[in-house]
Amino acid sequence: MIVRPRRLRRTPSIRDMVRETRLSIKDLIYPMFVRHGQGVQDPIPSMPGQFHYSVDTIVDAVENVHELGIPAIMLFGLPDRKDPTGSRSYAEDGVVQRAVSAIKRRTPDLTVITDVCLCEYTDHGHCGVLKDGDVDNDATLALLARQAVTHAAAGADLVAPSDMMDGRVAAIREALDREGYEEIGILSYAVKYASAFYGPFREAADSTPQFGDRSTYQMDPANAREGVKEALLDVEEGADMVMVKPALPYLDMVHRVRESCLLPLAAYNVSGEYAMIKAAEEKGWIDGTRVMMETLLSIKRAGADLILTYFAPEAAKHVSP
Ligand code: PBG
């Protein structure tokens with residue numbers, strides 16, 4: 001007797017019935033960039049279809065995102081000026097802080113997540129303050145905590161530390177609780193690799209390190225067990241959700257973290273993953289829409305509950321409600 005798996009592939013209806021993974025609009029988080037200025041909506045050359053907005057224009061753009069049914073955005077800021085300690089990152093009138101309160105006024109039901117990091121705000125481009133030419137972990141914690149508190153005060157629903165300092169989740173949790181923001185959650189970039197796939201983002205966020213690289217804080221792409229350890233540490237420190245980043249070259253890590261931790265798991269389909277598909281599509285080498293959907297599906301199939309992706313508005317048209 002021949003075993004015939006093809007029976008369940010015979011018609012669209014049957015295939016639909018036995019489909020194991022479905023992408024929903026509820027799975028998507030859309031990363032967006034806000035900068036200083038007024039009336040700005042500048043295309044980001046390295047990320048076709050993505051823009052730098054100013055506070056006044058991002059409010060309209062976010063309203064459109066909300067109308068598509070996308071439940072959440074992740075916000076990155078480009079400040080008016082940079083300095084050694086990234087002080088514009090924790091200023092009450094900083095660009096992210098102002099954007100969050102404006103967005104929350106217009107679209108209160110949309111979940112606003114803020115990226116907590118110093119690299120877009122420091123003149124040297126590293127994710128923390130420097131001492132003797134390297135990032136000073138413990139001195140950085142206080143600044144990250146301060147930044148997170150100002151985001152919460154502006155109305156952020158969740159803060160998302162992406163700096164990879166040791167102990168940041170605990171430091172941020174403690175500061176939020178102390179200031180009365182115990183209901184504000186932490187989505188930790190727990191398993192974040194030192195990846196070349198961030199290239200287009202660094203151009204977009206103007207956050208390339210001015211010397212050296214991020215390998216003393218971001219993870220070695222060769223390490224899998226260490227990634228699980230990082231995720232479990234952040235769970236212990238009080239994270240509410242954890243993230244694996246990038247997504248596509250690290251689907252094994254999405255799967256491993258899914259198996260070893262109970263929190264909601266996000267994966268970040270980063271700028272380089274987006275740019276590769278866009279570039280190949282522009283050249284006519286791939287069907288961009290199908291490759292986009294297959295990519296997002298693979299991330300969900302690997303075990304992610306949530307996907308941060310620049311494709312969110314485009315994918316919104318192709319996923320289930
Ligand atoms: C750091 C940060 C980075 C990204 C998100 N947060 C860049 C980095 O670590 O250099 C990358 C996102 C992307 O590539 O889409 N604040």
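**Exercise 1. The ligand and its surroundings**

Which of the 17 residues around the ligand come nearest? Describe also the polar contacts of the ligand and the extent to which the protein covers the ligand.

*Solution.* The model is a predicted one, and the shell is the place to begin: Lys192, Arg202, Lys245, Ser271 and Tyr310 come nearest to the ligand among the 17 residues around it. Sorted by class, this shell consists of eight nonpolar, three polar and six charged residues.

The next step is to look at the oxygen atoms of the ligand. An oxygen atom of the ligand lies 2.6 Å from a polar side-chain atom of Arg202, and a side-chain N or O atom of Tyr310 is likewise found 2.6 Å from an oxygen atom of the ligand. For Arg214, the distance from a side-chain N or O atom to a ligand oxygen atom is 3.0 Å. As for cover, the ligand on its own has 400 Å² of accessible area, and the protein covers 100% of that area.

**Exercise 2. The cavities**

How many cavities of 30 Å³ or more does the structure hold, and which of the cavities is the space taken by the ligand?

*Solution.* The structure holds two cavities of 30 Å³ or more, and the ligand takes up the space of the largest cavity.

Taking the largest cavity in turn, its space amounts to about 160 Å³. It is lined by 19 residues, of which Cys119, Lys192, Tyr198, Phe201 and Lys245 are the closest to its centre. Strand β9 (185–192) and helix α6 (199–205) each contribute at least two residues to this lining, whose residues fall into ten nonpolar, three polar and six charged.

The second largest cavity contains about 30 Å³ of space, and its lining is made up of Tyr30, Pro31, Met32, Phe33, Gln50, Phe51 and Tyr53. By class the lining has six nonpolar residues and one polar residue, with no charged residues.

**Exercise 3. The largest pocket**

What volume does the largest pocket have, and which residues of its lining are the closest to its centre?

*Solution.* The volume of the largest pocket is about 180 Å³. Of the 14 residues in its lining, Met164, Asp166, Thr216, Tyr217 and Gln218 are the closest to the centre, while β7 (134–135) and α7 (225–237) are the elements that give two or more residues to the lining. The classes divide into five nonpolar, four polar and five charged residues.

**Exercise 4. Two points of the backbone**

Is the peptide bond from Lys245 to Pro246 cis or trans, and where is Asp132 found?

*Solution.* As a reference, most peptide bonds are trans, and a negative phi is found for most residues other than glycine. The peptide bond from Lys245 to Pro246 is cis, with omega near -10°, and Pro246 has its place in the loop between β10 (241–245) and α8 (251–260).

Asp132 is found in the loop between β6 (130–131) and β7, and although Asp132 is not a glycine, its phi is positive, at about 50°.

How values were computed:
Residues are numbered from 1 along each chain as its sequence is written. This is a predicted model: local features need pLDDT of at least 70, side-chain atom pairs count only at pLDDT 80 or more; totals for chains, interfaces and linings use all residues. Side-chain values use heavy atoms; hydrogens and water are left out. On a 1 Å grid over the protein atoms alone, a cavity is a set of points where a 1.4 Å probe fits but cannot get out, and a pocket is an open set with protein on both sides within 12 Å along at least five of seven lines; lining residues have an atom within 4 Å of a point. Grid points are joined across faces, edges and corners, and a volume is the space filled by probe spheres set on the points. Helices (H or I, at least four residues) and strands (E, at least two) are DSSP runs, numbered from the N terminus. Ala, Val, Leu, Ile, Met, Phe, Trp, Tyr, Cys and Pro count as nonpolar, Asp, Glu, Lys and Arg as charged, and the others, Gly among them, as polar. A residue is near a molecule or strand if one of its heavy atoms lies within 4 Å of it. A polar contact is a pair of N or O atoms within 3.5 Å; within protein, one must be able to donate a hydrogen and the other to accept it, and residues adjacent in sequence count only if both atoms are side-chain atoms. Accessible areas come from the Shrake-Rupley method with a 1.4 Å probe; for residues, only the protein chains shown count as cover. A molecule sits in a cavity or pocket if more than half of its atoms lie within 2 Å of its grid points.
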